[in-house]
There are 2 protein chains.
Amino acid sequence: MAVAQFIPSSSSLTKRTTLYSSQLSQYLSSTHKPLLTLRRTNYAKICCSVTSNEVQAPVARQSNDPIKKPECFGVFCLTYDLKAEEETSSWKKMINVSVSGAAGMIANHLLFKLASGEVFGPDQPIALKLLGSERSIQALEGVAMELEDSLFPLLREVSIGIDPYEVFQDAEWALLIGAKPRGPGMERAGLLDINGQIFAEQGKALNAVASRNVKVIVVGNPCNTNALICLKNAPDIPAKNFHALTRLDENRAKCQLALKAGVFYDKVSNMTIWGNHSTTQVPDFLNANINGFQVKEVIRDTKWLEEEFTEKVQKRGGVLIQKWGRSSAASTAVSVVDAIRSLVTPTPEGDWFSTGVYTNGNPYGIAEDIVFSMPCRSKGDGDYELVKDVLMDDYLQSRIKKSEDELLAEKRCVAHLTGEGIAVCDLPGDTMLPGEM
Amino acid sequence: MAVAQFIPSSSSLTKRTTLYSSQLSQYLSSTHKPLLTLRRTNYAKICCSVTSNEVQAPVARQSNDPIKKPECFGVFCLTYDLKAEEETSSWKKMINVSVSGAAGMIANHLLFKLASGEVFGPDQPIALKLLGSERSIQALEGVAMELEDSLFPLLREVSIGIDPYEVFQDAEWALLIGAKPRGPGMERAGLLDINGQIFAEQGKALNAVASRNVKVIVVGNPCNTNALICLKNAPDIPAKNFHALTRLDENRAKCQLALKAGVFYDKVSNMTIWGNHSTTQVPDFLNANINGFQVKEVIRDTKWLEEEFTEKVQKRGGVLIQKWGRSSAASTAVSVVDAIRSLVTPTPEGDWFSTGVYTNGNPYGIAEDIVFSMPCRSKGDGDYELVKDVLMDDYLQSRIKKSEDELLAEKRCVAHLTGEGIAVCDLPGDTMLPGEM
């Protein structure tokens, strides 16, 4: 494999042999875009090292900083007692759901699903706390106005803000969608650093102000390592509570198997996405079932399974961009709903779902201390357990290994953001999924 | 009121004193935009007359034209017997829902709600038939792909097409969202003609191929007169089955009253939007209730009710555009869901909802033979009846009259599309709601 060292050509930069990763990210994102665009190849590696005394990870707020409440919006500023009224007295206690990237397209679909009762049920009142940026605060107001105009009976509070320390207050669910998109010529390493900063900050904020049992679903890419950074910065919240979204991949994989087998998608079960939400992900056809039979018994075309299936799943986003001109916001939002529902409703007997979770005593021999997508089951209490009896063969194992290697490399690359000292970045050039620019 | 005659200055056009309205619309939409932009004022009137022998209304297909099925998509091309399987054997018979403008943003929200079971219930399998244009067919494929990837169990068929005679086949619901947006400088008269052509064609198609009891909800603007054109072109379908969407206006009106009264929006009931979905619409605070009391007993600020309330409802869309940078697709989709649900679930005792329906024996003294928004109740069978006991006062009556006059003028303007001969257009300049460009 050809390796191109990342050597900045600007004279002021060539004088340094190491770069702060925050400087690197600035460099990547602004000053020298054209240079990087020219140098980018499929085989490029970006190497950088950051020494521990140079680390500039986000600093947690001091505990004596006053924490304000986020701004309530319009009709949602009212206070009332749900238990005092006949229609609402049997409702559950309100839950607080914080959503970052709330002015974006995925959230625009997701928020209305959350508010309608579709996700948490018809007796679950909900408070939505929307996190945006200074640039998007007007748009957030627009979203809140549309939520008002929708008259959802279960939606009792909407607040908006740009400070995670305000917006994540008492959050029982944190759906972290917001992330910087990858700019032209930006490699995964640059994206990791830029977004890592965001998720480190948000982890600290969750640690400071969220419910002690908050469930966190990271959607913003690169979501596995963002989730790792987030949980490492939230030491008072169980690491088990952090998820990286691989549910859209699972759904797409089910659909592709159904198409190939000529059955409806509800006949496909036990679909695992292993590993990273990247092109190293492993949609697992060894353990998946179609109509209760092993996939290989139903789809005899091994060449298709081994060579085309994974690509079909992974290229789906890119094909959609081509056809539709925008990324798959609607189906991503549906998959977030699926991910939440899988945790709040019991998993059907014999089936499982995939989610990227913290590896801490897994039975598959996957490296510990990363966020890896694996097969899980839930009793519907918000918690989950790993599925123990899954098949492994050399082919599956070797592919899982590749995704594991990538996640370990990503982890080394963000060591300065996880409190593990010296960041060393040595990543394959580009494993972003198509359609996620 | 100042009246500016519409006098084209191009020499080739000044020779004519009458214009075909289809020519007018071409004229408005292409050749001479700058002229109209300059001339457009709030008080402008556009006058045109079309003699009956010049009428070029769409011609219905000959009955011997072969009618093809629209193209099914991907996994939805499968055939199966729902009754043969345990999980689905108790489901209702599948319903066919046709949606026009299916590649647009409102549909992008609505389709996923329809497919999820949120609208018609968890035992109602659904076939979605998506109508787009030649330009949007790729995007439609993208929508269908996202629907596939969402794995909705109830969604059993998705087909896409650009021919309403194919896509409306056996439709039990037709949600007509697609319409040409108003271009810069285009007046309501131009919009009426351009979109009227579309709805005349779609009415003919519904008449030819849809279920004999299809329910039609027109969302594309100007929706009242579009609905009138549509029903006039579908003489074999009960005129009562056609609706023009005024539900978003109703929802917004409820929200504004709630805000003013300092109560939650679920406390506002009996909200009527009278008339046209335009700035002549009448959000009725005389009959609406807050916590079961008349609005005037709760909100003592008569000046606000008479002078600000209606404007607040109507300007909502414009404010949203300013803040959010796009029109209110999400809340419009929610209001379409509300409109359908109001017809398929019994109306709560003592309450009602608003919908634009065909006037044919109404108790309010409103002119017959137009589509007018009025208070309705439903037994949940898809049908509705008008509410009889509503209060009227001179203020309300005079405002209703104004909207009625506008709709009668719009009707004269599209006479060539309703089969009533000579179109004479004499409309107030611009009564489009802000934010609906």
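**View 1. Helices H9 and H12 of chain B.** In this predicted model, the axes of helix H9 (residues 247-261) and helix H12 (residues 329-344) of chain B come within 8 Å and cross at roughly 105 degrees. Helices here are DSSP runs (H or I, at least four residues), numbered from the N terminus; axes are lines fitted to C-alpha atoms over the stretch in contact, with angles from 0 to 180 degrees between N-to-C directions. H9(B) and H12(B) are therefore roughly perpendicular (65 to 115 degrees).

**View 2. Residues between H9(B) and H12(B).** Arg247(B), Leu248(B) and Asn251(B) meet residues of H12(B), among them Ser331(B), Asp338(B) and Ala339(B) (contact: heavy atoms within 4.5 Å).

**View 3. The largest nonpolar core.** This core has 85 residues, and Leu257(A), Leu114(B), Leu128(B) and Leu130(B) have the most contacts inside it. A nonpolar core joins buried Ala, Val, Leu, Ile, Met, Phe, Trp, Tyr and Cys residues through side-chain atoms within 4.5 Å; buried means under 20% relative accessible area (1.4 Å probe, protein chains only). Beyond its neighbours within four places in sequence, Leu257(A) contacts residues including Val268(A), Trp304(A) and Phe309(A).

**View 4. The two chains.** A rotation of 180 degrees with 0.0 Å of shift along its axis superposes chain B on chain A (RMSD 0.0 Å), by least squares on C-alpha atoms of residues with pLDDT of at least 70 in both. That is the relation of a two-fold axis.

**Notes.** Residues are numbered from 1 along each chain as its sequence is written, and chains are lettered from A and ligands numbered from 1 in the order written. Local features need pLDDT of at least 70, side-chain atom pairs count only at pLDDT 80 or more, and totals for chains, interfaces and linings use all residues, while side-chain values use heavy atoms, without hydrogens and water.

Notes: Buried < 20%, exposed > 50% of the residue type's maximum accessible area, 1.4 Å probe, protein only. Helix = DSSP H or I, 4+ residues; strand = E, 2+ residues; numbered from the N terminus. Parallel < 35°, antiparallel > 145°, perpendicular 65-115°, else oblique.
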